[in-house]
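Please look at the model below with its definitions in mind.

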Amino acid sequence: MVHRDREIHRTGAEPSDGEVQYAGESFWAIPGPVRPVLTFRDVETTAYCPRKQYYRDRDADPDGEVPGRVRERAALAFRYRDLLAADDGTLAAAPIAVAPTTFRSRLGAARARLDAWPHLVDPAGRNVLLCGKDARGVADKVLGTAPPAPSIVFAGDPPDRGVWHPQRVRVVAAAMALAWERETRVERGFAEYPAHGVVREVPLDPRRRDEYRTALRAAARIDDPPPRLSNREKCAACEYRTDCGVRTRSLRSLLG
Ligand code: SF4
């Protein structure tokens, strides 16, 4: 495992006696052998494909530069009030992924449906580093609801219903970390797909906790390359498919 090395590289901090530092603050101190520090992204990637996480570890793949398009889309999650009041021309010029009328209607439905809406519009915290017992990472928003809840912003497309499994795992990771850090109860998290005007709640129920723990255990155990997936749709979207040697069908072959 190379998480620790990657962490040192990322922060520039020198660990000592089993301690790793982030931005000058100790957040992980255990006696004996240094335990790998998992990030929300590690757990999310493992939930997608453990072998993909193996490649990320092998390459010490840092989060790196966030593409401009991703940043622009994510920024929409902090402009809901303006976007709801915007005319079609303004929306059409924004980096949204659907027609202005669809966008406005979805956002209006989210406002009517979600009791946490005012907190999603004006979160108590933005880009908050959360350090949990087992994983740490950044929540795009921490809502000042009672109890508090984290929200993660995704620049991609949402599924027709619910939240994609790896992204759900990431939201739960953030919720568990928030509960641990603040020693409080956390009952839910949120997944936002702002380019689509979609906001979905993720309850912290036993099934979601199990999904998270399964991914966490798998991420902590990756030493040798895990088996390849049989789900070629996932492989087609994976940046490691060449290293991995999986054969994915091209669009041309799918069209016959
Ligand atoms: S190509 Fe498929 S099996 Fe290989 S790492 Fe990516 S998702 Fe996993």
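Q: In S5, what is the bridge partner of Leu-130?
A: The bridge partner of Leu-130 in S5 is Gly-137. This is a predicted model, in which local features need pLDDT of at least 70, side-chain atom pairs count only at pLDDT 80 or more, and totals for chains, interfaces and linings use all residues. Residues are numbered from 1 along each chain as its sequence is written.

Q: What makes S4 and S5 a pair, and in which sense do they pair?
A: Two strands pair if DSSP finds at least two bridges between them, and strand S4 (residues 125-131) has six bridges to S5, in the antiparallel sense. A hairpin of three residues joins S4 to S5. Strands here are DSSP runs (E, at least two residues) and helices are DSSP runs as well (H or I, at least four residues), both numbered from the N terminus.

Q: Which sense describes the pairing of S3 with S5, and over how many bridges?
A: Strand S3 (residues 38-39) and S5 pair in the parallel sense over two bridges, and Leu-38 stands opposite Ala-135 in S5.

Q: How many bridges join S5 to S6, and in which direction do the strands run?
A: S5 and strand S6 (residues 149-153) run antiparallel and are joined by three bridges, with Lys-141 opposite Ser-151 in S6. These two strands form a hairpin with five residues between them.

Q: Why is S5 called mostly covered?
A: A residue is buried if 20 or more other C-beta atoms lie within 10 Å of its own, exposed if 12 or fewer do, and partly exposed in between, with C-beta atoms placed from the backbone. In S5 (residues 135-143), eight of the nine residues are buried. For the chain of 256 residues, 36% count as buried.

Q: Why are H2 and H3 called oblique to each other?
A: The axes of helix H2 (residues 40-48) and H3 come within 5 Å and cross at roughly 135 degrees. Axes are lines fitted to C-alpha atoms, for helices over the stretch in contact, and angles run from 0 to 180 degrees between N-to-C directions. Angles under 35 degrees count as roughly parallel, over 145 as roughly antiparallel, 65 to 115 as roughly perpendicular and the rest as oblique. H2 and H3 are therefore oblique.

Q: Which residues of H2 meet which residues of H3?
A: Asp-42, Thr-45, Thr-46 and Tyr-48 in H2 meet Pro-50, Lys-52, Gln-53 and Arg-56 in H3, where contact requires C-beta atoms, placed from the backbone, to lie within 7 Å.

Q: Why are H9 and H10 called roughly perpendicular to each other?
A: The axes of helix H9 (residues 165-182) and helix H10 (residues 206-220) come within 9 Å and cross at roughly 95 degrees, and H9 and H10 are therefore roughly perpendicular. The H9 side of the contact includes His-165 and Met-176, and the H10 side includes Arg-208 and Ala-215.

Q: Of the residues around the ligand, which come nearest?
A: Of the 13 residues around the ligand, Cys-49, Lys-52, Cys-235, Cys-238 and Cys-244 come nearest, a residue being near if its C-beta atom, placed from the backbone, lies within 6 Å. Helix H3 (50-58), helix H11 (232-236) and helix H12 (241-244) are the elements that give two or more residues to this shell, and H3 gives the most, with three residues.

Notes. Contact = placed C-beta atoms within 7 Å.
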